[in-house]
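Subject: Structure handover

Hello,

Here is the structure I said I would pass on. My notes on what was found in it follow below.

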Amino acid sequence: QTEPTIHRGLAGVVVDTTSVSMVNPETNSLTYRGYPVQQLAAACTFEEVAYLIWHGELPDPGQLEAFTADERSRRAISPELQQVLLAMPTDCHPMDVLRTAVSWIGAADPTEEDASPEANLAKSVDLLAKLPTVVALDQRRRQGREPIAPDPELAYTPNFFRMCFGEVPGDDVLRAFDVSLILYAEHSFNASTFTARVVTSTLSDLHSAVTAAIGALKGPLHGGANEAVMHTLDEIGTADRVSGWLDEALATKRKIMGFGHRVYKNGDSRVPTMQAELDKITADGRAGDLRATYDALGAEMLARKSIHPNLDYPSGLVYHLMGFETAVFTPIFVMSRITGWTAHVMEQLAGNALIRPLSSYVGPAERAVPPRS
Ligand code: CMC
């Protein structure tokens with residue numbers, strides 16, 4: 001018997017086709033439905049990009065109006081879900097709260113078992129609308145504050161800030177946040193999206209796929225890295241400590257969070273766009289020493305290891321400077337990636353094949369069960 005070739009971590013394996021997005025590490029480009037993500041970030045709102053990811057085309061003004069009206073009408077969460085969220089431990093990770101919320105929303109949805117494209121699209125918009133409400137409520141309950149109800153007069157991003165902080169920040173902050181959501185929205189067969197596709201391939205429901213995807217995104221090798229970046233910057237402290245800290249971290253084979261990527265080896269296509277937003281919001285010096293530490297760590301990683309930052313590096317610092325607690329960074333990622341995940345759920349269903357790989361057995365050879373006394 002010939003030894004099978006093992007593809008650990010499925011590295012380099014092309015599992016299926018997709019028309020949602022294309023990552024090209026050769027040209028360092030990322031397109032959503034054919035449009036370069038940098039151009040989308042410069043020209044569009046997050047709502048327009050969400051529409052694009054689901055429908056395949058950018059909306060015309062009438063389509064955008066209908067889409068945003070639908071999203072705004074779905075933002076409120078039921079009193080029962082509020083009770084569930086308020087009953088959760090206040091020291092659990094906010095991703096656990098989000099995972100539970102999506103599971104609960106699915107359980108309460110009478111269309112849960114309807115896997116038609118229309119029903120799944122409605123469920124996707126529903127999650128897009130409700131996730132910010134859940135994230136904001138969770139933050140406020142931990143601070144002992146009353147939740148702030150969603151405001152249907154406000155667009156997605158300003159409404160989220162208002163629900164979190166009671167006020168809407170300036171345009172520079174709103175724009176930087178919208179850009180981060182656009183950049184995080186979709187990234188082909190990453191671990192969480194693939195998780196959603198695996199669950200969907202068994203013909204399970206959309207909420208189960210999203211619940212599983214949230215679990216995959218939580219890990220620090222994936223979405224959890226944006227939080228881990230902040231812990232790293234805090235641990236290092238001032239820029240003069242970067243070199244010594246890195247000596248020790250690399251000597252102990254620590255992974256430096258916010259650096260490296262499975263697909264991009266010469267830099268993450270999304271970083272320059274996010275970095276430009278970071279530059280704008282730190283131009284007034286509001287980042288203090290943190291910005292110098294951030295720059296020094298980036299420069300040392302490149303010089304010493306030739307490893308580039310990924311999107312989580314600038315976005316982690318951006319979210320911190322916007323006033324979000326570190327544990328909320330990955331839930332914000334979910335508020336965006338819900339678009340990509342659900343587009344992939346629908347694409348998987350449209351041409352489904354059960355995802356069931358093989359393994360190469362390396363355990364004990366076949367043997368007889370000994371007599372049991
Ligand atoms: N810090 C230190 N060394 C690294 C790092 C890093 N962040 N990333 C890669 N390397 C080294 C690694 O040690 C290995 O070296 P060697 O060949 O000497 O053993 C080499 O580079 C190849 O790394 P790998 O872990 O085999 O590569 P991978 O494709 O399996 O891992 C990764 C990709 C993203 C898991 C990894 O780069 C990593 O752990 N990064 C830190 C976590 C992180 O920032 N994750 C976010 C990923 S992108 C956005 C997202 O999903 O949210």
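Helices H5 and H10 are roughly antiparallel to each other, because the angle between them is about 175 degrees and angles over 145 degrees count as such. Please keep in mind throughout that this is a predicted model. H5 covers residues 94-107 and H10 covers residues 206-218, and their axes are 8 Å apart. On the H5 side the contact is made by Met 95, Leu 98, Arg 99, Val 102, Ser 103, Ile 105 and Gly 106. H10 answers with His 207, Ser 208, Val 210, Thr 211, Ile 214, Gly 215 and Lys 218. Sorted by class, the contact of H5 with H10 consists of six nonpolar, six polar and two charged residues.

Next, the domains. The chain is divided into two parts: domain 1 takes in 30-218 together with 324-350, and domain 2 runs over 225-321. Their C-alpha centres lie 26 Å apart. Where the two domains touch, domain 1 contributes 18 residues and domain 2 contributes 17 residues. Which helices supply at least two residues each to the side of domain 1 that touches domain 2? They are H1 (37-43), H8 (171-184) and H16 (329-350). H8 gives the largest share of that side, with seven residues. By class, the side of domain 1 that touches domain 2 has 13 nonpolar residues, four polar ones and one charged.

There is also a sheet. It is open and made of three strands in the order E1-E2-E3, with antiparallel pairing. E1 and E3 (35-36) are the edge strands, each pairing on one side only. E1 (residues 21-24) and E2 (residues 29-32) are joined over four bridges, and Asn 24 stands opposite Ser 29 in E2.

Last, the ligand. How many residues are around the ligand, and which of them come nearest? There are 18, and the nearest are Ala 225, Ile 256, Phe 259, Gly 260 and Arg 262. The shell around the ligand divides into seven nonpolar, eight polar and three charged residues.

If you open the model with these notes beside you, the helix pair H5 and H10, the contact of domain 1 with domain 2, the sheet of E1, E2 and E3 and the shell around the ligand can be looked at in turn.

Best regards

Definitions and conventions
Residues numbered from 1 in each chain as written. Predicted model: local features only at pLDDT ≥ 70, side-chain atom pairs only at ≥ 80, totals over all residues. Pairing = 2+ DSSP bridges. Domains from an automatic or database assignment. Contact = placed C-beta atoms within 7 Å. Nonpolar A, V, L, I, M, F, W, Y, C, P; charged D, E, K, R; others polar. Axes fitted to C-alpha atoms, helices over the stretch in contact; angles between N-to-C directions. Parallel < 35°, antiparallel > 145°, perpendicular 65-115°, else oblique. Near = placed C-beta within 6 Å.
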